[in-house]
Amino acid sequence: MRNPLHTQARRALFGLGALLCFNLAAMADDDHHGRRVPLSPQYKQECGSCHVPYPPGLLPAASWQRLMQNLPQHFGTDASLDPAATKQIAAWLDANAGTGKRAREEPPQDRITKSAWFVRKHDEVPAADWKRPAIKSAANCAACHPQADQGAFNEHDVRIPR
């Protein structure tokens with residue numbers, strides 16, 4: 001006969017192990033293979049004042065370089081920064097740019113929303129949903145991902161506004 005305390009301890013350890021595996025799987029989905037980078041305060045302040053400060057791992061370095069070199073025509077807006085801020089943010093983006101399979105290809109027009117992985121992850125979202133007043137566009141991550149500003153995009157947390 002087994003010792004009841006031994007059985008309880010075994011169950012508890014199994015439960016903790018399962019919870020750890022679940023959390024690691026969720027984190028890998030959120031942060032692109034365990035590489036969630038804390039956002040640079042300057043990047044968060046400057047870029048996050050107009051849109052979600054996208055995690056640097058969502059684009060390859062070449063895309064971030066083009067975006068930073070083209071701030072006066074940043075998707076139809078003048079997002080110019082002073083030279084020191086531009087240099088500092090560009091260096092941070094370059095150091096933390098995506099290197100995994102999601103970032104192997106440079107998306108058309110350096111748009112995260114046009115990257116192959118983004119299109120694949122969002123293929124079940126009807127085109128009409130992107131045009132809802134509460135969403136406005138695919139670039140508005142925070143509309144459906146409540147922790148987007150923290151770089152968390154776990155699909156289990158998605159809430160599509162009506």
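1. A pocket here is an open set of grid points where a 1.4 Å probe fits, with protein on both sides within 12 Å along at least five of seven lines. Keep in mind that this is a predicted model. Its largest pocket holds about 630 Å³ of space. Lining that pocket are 26 residues, and C47, H51, Y54, H74 and F75 are the ones closest to its centre. As for helices, α2 (41-47) and α3 (61-69) are the elements that each give two or more residues to the lining.

2. Now for the packing. The largest nonpolar core counts 22 residues, and Y43, Y54, W64, L93, I112 and C141 have the most contacts inside it. Two or more residues come from each of α2, α3, α4 (83-96) and α5 (116-121). As a rule, nonpolar side chains in soluble globular proteins tend to be buried together.

3. Neighbours within four places in sequence aside, Y54 touches Y43, W64, I112, A139 and C141.

4. Is H145 buried or exposed? H145 counts as buried because its relative accessibility is 12%, and the cut-off for buried is under 20%. H145 sits in the segment that follows α6 (127-130). Again leaving out neighbours within four places in sequence, its contacts are H122, A152, F153, N154 and V158.

Notes:
Residues numbered from 1 in each chain as written. Predicted model: local features only at pLDDT ≥ 70, side-chain atom pairs only at ≥ 80, totals over all residues. Heavy atoms only, no water. Helix = DSSP H or I, 4+ residues; strand = E, 2+ residues; numbered from the N terminus. Buried < 20%, exposed > 50% of the residue type's maximum accessible area, 1.4 Å probe, protein only. Contact = heavy atoms within 4.5 Å. 1 Å grid on protein atoms, 1.4 Å probe; cavity = no way out; pocket = protein on both sides within 12 Å on 5 of 7 lines; lining within 4 Å. Points joined across faces, edges and corners; volume = space filled by probe spheres on them. Core = buried A, V, L, I, M, F, W, Y, C linked by side-chain atoms within 4.5 Å.
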